[in-house]
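Please look over the structure before reading on.

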Amino acid sequence: MEFESVKKYLEQGVKTSSEVDKLPDRFLEPLIMNSLTIDHIEHGRVVCSMKIPSRLLNSGNTLHGGATASLVDVVGSAAICSVGRSALSTGVSVEINVTYLDAAYLDEEIEIEAKALRVGKAVAVISVEFRKKKTGKVFAQGRHTKYLALTSKL
């Protein structure tokens, strides 16, 4: 294995770390969410859409897997809110899983549907499906388990 090439790949952003350090705190969520539009909300279900912006593309010019996983987190958390939990108490991730079935491209219109499978006292489980709006084809599926902090009875 070529350790030096692995090191070079992982450290490619080191030269710009001063620029990265200047980014505002919690910049990732707005970066991901800026293109989202809420299409429908009901108890336990949230449907959003977006036109894929260039900032969310990977080196292959398709929707980045990390952006997809972040959208599972963000839209899934909204589904937890839709059952009556506060936006400040949607929990912390225990497990997040994404299955990538196809690619989505720049300026492609997509739909993201999150369904709360279970929102209990301590755990929530969310299913998130990504579809191409034009064809309805599913290109990614996510599942997110979150620990919900127990509220004090005092």
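The points below are grouped by topic.

The model is predicted, with local features needing pLDDT of at least 70, side-chain atom pairs counting only at pLDDT 80 or more, and totals for chains, interfaces and linings using all residues. Residues are numbered from 1 along each chain as its sequence is written, and side-chain values use heavy atoms, with hydrogens and water left out.

**Fold**
- The protein chain has four helices and six strands, taken as DSSP runs (helices H or I, at least four residues; strands E, at least two) numbered from the N terminus.
- Their order from the N terminus is α-α-α-β-β-α-β-β-β-β.
- The C-alpha trace spans about 55 × 45 × 30 Å along its principal axes.
- Of the 154 residues, 33% are buried (under 20% relative accessible area, with a 1.4 Å probe and protein chains only).

**Largest pocket**
- Its lining has 18 residues, and Glu-29, Met-33, Val-74, Ser-77 and Ala-78 lie nearest the centre.
- A pocket is an open set of points on a 1 Å grid over the protein atoms alone, where a 1.4 Å probe fits, with protein on both sides within 12 Å along at least five of seven lines; lining residues have an atom within 4 Å of a point.
- Elements giving two or more residues to this lining are α3 (28-33), α4 (65-81) and β3 (92-100).
- The largest share, six residues, comes from α4.

**Tyr-147**
- Tyr-147 belongs to strand β6 (residues 138-147).
- Tyr-147 has a relative accessible area of 37% and is therefore partly exposed (between 20% and 50%).
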